[in-house]
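Let's take a walk through this model together, starting at the ligand and moving on to the charged pairs. Please have a look at the structure first.

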Amino acid sequence: MIENIKVDYHIPVLYEETLENLVKNLDGVYVDCTLGGGGHSEGILKRLSEKGNLISIDQDQEAINFAGKRLEEYRNKHQIFKDNFLNLDTVIYMAGFEKVDGILMDIGVSSKQLDDPDRGFSYKYDTRLDMRMDKSSPFSAYELLNQYPEEEISRIIYEYGEERHARKIARFIVEARSEKPIETTGDLVAIIKRAIKGKSQKHPAKKTFQAIRIEVNRELDVLKNSIEKAVDSLKPGGRLAIITFHSLEDRIVKNMFKEMSVECVCPSELLICKCNHKAKVKLVTRKPIIPKNNELDFNNRAHSSKLRVVERLG
Ligand SMILES: C[S@@+](CC[C@H](N)C(=O)[O-])C[C@H]1O[C@@H](n2cnc3c(N)ncnc32)[C@H](O)[C@@H]1O
């Protein structure tokens, strides 16, 4: 059971499954790369002994303010850093450690970020275009939509939103901004609706909003560039657990975990290995762990979540 969850901010997904697979050394040092509302962090802190330590990272100051307060009682074994988890190795060093026993990444945005009308993540509210998880970043959805070339906008919507109308939406965006800058999420929704006519069960702006959010926060690049760093920061026997929410992210995690778990990555037609590749991890989960029905009953956002875990070899 999830103990004492703060459902108004974010319900942690795959909570028990994550803690069970991640926290193996109760005196160990752990990193939660995505603090959010602090649900998973709290679960880790509750399990750790007084000798254990948790380092939590988030790039969103609002998440840090909220979770910092929530987890105040654990401050003797808990440090929080405002940073991108791309810098997790530096954060671990700054926290006073070299290698750690476990790392968690619960990728994407929190329910709070998504539901906050002022953050501009949702097509449900009409507000200034933004979508930055880190509000100190100079690049937001406004710059993307008003400055990127049409081709690039089309690629982003197609690749990150898997939206088959990407080309048309990009053309309509560029046409609209030649009249006046696109200022609000409402402007963007209206442009998308004009570009995609016809009926669909899903909101017509859903895929485009996902794509823009991924680009604004460089989510896939950050994930790709953080996985090996995370594995290199683990002690032998330490574990990396990653929760993803859509197929693009899961594919990256699955492929990188697989590549890091094999002894050779030479093309199959080569008879002798020439790659000098060495396995760094063993797969703890061959298939991803997905939520059970009882979790889906109370948390709609858990629907597409998948948990994959690897263990660092000695
Ligand atoms: C899905 S929520 C995590 C929820 C959390 N596990 C909980 O139990 O409440 C993701 C959080 O990670 C943060 N985040 C996402 N990508 C990040 C990155 N590259 N670096 C730092 N924080 C990131 C977001 O700001 C957000 O607060």
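## The ligand and its polar contacts

A backbone N or O atom of Phe85 lies 2.9 Å from a nitrogen atom of the ligand, a polar contact in the sense of a pair of N or O atoms within 3.5 Å. Taken alone, the ligand exposes 610 Å², and the protein buries 98% of that (accessible areas by the Shrake-Rupley method with a 1.4 Å probe). A nitrogen atom of the ligand sits 2.8 Å from an N or O atom in the side chain of His40, and a ligand oxygen is 3.1 Å from a polar backbone atom of Gly39.

This is a predicted model, in which local features need pLDDT of at least 70 and side-chain atom pairs count only at pLDDT 80 or more, while totals for chains, interfaces and linings use all residues. Residues are numbered from 1 along each chain as its sequence is written, and side-chain values use heavy atoms, with hydrogens and water left out.

## The shell around it

How many residues surround the ligand? There are 24, each with a heavy atom within 4 Å of the ligand. The closest are His40, Asp58, Phe85, Asp106 and Gln113. By class, the shell has eight nonpolar, twelve polar and four charged residues (Ala, Val, Leu, Ile, Met, Phe, Trp, Tyr, Cys and Pro are nonpolar; Asp, Glu, Lys and Arg charged; the others, Gly among them, polar).

## Salt bridges across the sequence

The structure holds 24 salt bridges, that is, a side-chain nitrogen of Lys or Arg within 4 Å of a carboxyl oxygen of Asp or Glu. One of them joins the side chains of Arg70 and Glu42, N to O at 3.0 Å. Arg70 lies in helix α3 (residues 61-70) and Glu42 in helix α2 (residues 39-47), so this pair ties together parts 28 residues apart in sequence; helices are DSSP runs of H or I, at least four residues, numbered from the N terminus. Arg70 counts as buried at 13% relative accessibility, and Glu42 as buried at 4% (buried is under 20%, exposed over 50%, partly exposed in between; 1.4 Å probe, protein chains only).

Glu62 and Lys135 form another salt bridge, with their closest N and O atoms 2.9 Å apart. Glu62 lies in helix α3 and Lys135 in the loop between α5 (111-115) and α6 (141-147), so the pair links parts 73 residues apart in sequence. Glu62 is partly exposed at 31%, and Lys135 is partly exposed at 42%. Both belong to a network of salt bridges together with Asp60 and Arg119.

Methods:
A polar contact is a pair of N or O atoms within 3.5 Å; within protein, one must be able to donate a hydrogen and the other to accept it, and residues adjacent in sequence count only if both atoms are side-chain atoms. Helices (H or I, at least four residues) and strands (E, at least two) are DSSP runs, numbered from the N terminus.
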